[in-house]
Amino acid sequence: MAGPGSRRTDNRCPRCRAPILRQLVGQIAALTVTADLRPLTPSEQAAVREPNRLIWCLRGGEHTARRLTWTGRDHPATCPHPHVTEHRCTTEPTTLF
């Protein structure tokens, strides 16, 4: 789902400082995804999966740019890449606005 024109930003969450990847995913109907960079085990993936919380395959590595692709029903069960999910910050904001 990530095309050559997709934009991404590696940084940290401004509230909890967790490492995140923010990327525009898709070509026709783009979706901005903010994902945690901590890989999930299969049991953790099952625990965090909800109707509106997707699991993403984090492709790329040391010599290539990291990019997110959706782990839909056609995603191989033996995928060697780490899987991550949408970032949900649990830290309360430090300002009112």
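These legends describe close-up views of a predicted model. Local features need pLDDT of at least 70, side-chain atom pairs count only at pLDDT 80 or more, and totals for chains, interfaces and linings use all residues. Residues are numbered from 1 along each chain as its sequence is written, and side-chain values use heavy atoms, without hydrogens and water.

**View A. Thr71 in its loop.** Thr71 sits in the loop between strand S5 (67–70) and strand S6 (83–85). Strands (E, at least two residues) and helices (H or I, at least four) are DSSP runs, numbered from the N terminus. Thr71 has a relative accessible area of 16%, so it is buried (under 20%, 1.4 Å probe, protein chains only). A polar atom of the Thr71 side chain lies 2.7 Å from the backbone oxygen of Ile55. Beyond neighbours within four places in sequence, Thr71 is in contact (heavy atoms within 4.5 Å) with Ile55, Trp56, Cys57 and His83.

**View B. Strand S4 and its partners.** S4 spans residues 55–59, and four of its five residues are buried. S4 pairs with S6 in the antiparallel sense over three bridges; pairing requires at least two DSSP bridges between two strands. Here Ile55 stands opposite Thr85 of S6. S4 also pairs with S5, again antiparallel, over four bridges. Cys57 has Thr69 of S5 as its bridge partner.

View C. Leu54 lies in the loop between helix H1 (42–48) and S4. Its relative accessibility is 31%, so Leu54 counts as partly exposed (between the buried limit of 20% and the exposed limit of 50%).

Definitions and conventions
Polar contact = N/O pair within 3.5 Å; in protein donor to acceptor, adjacent residues only side chain to side chain.
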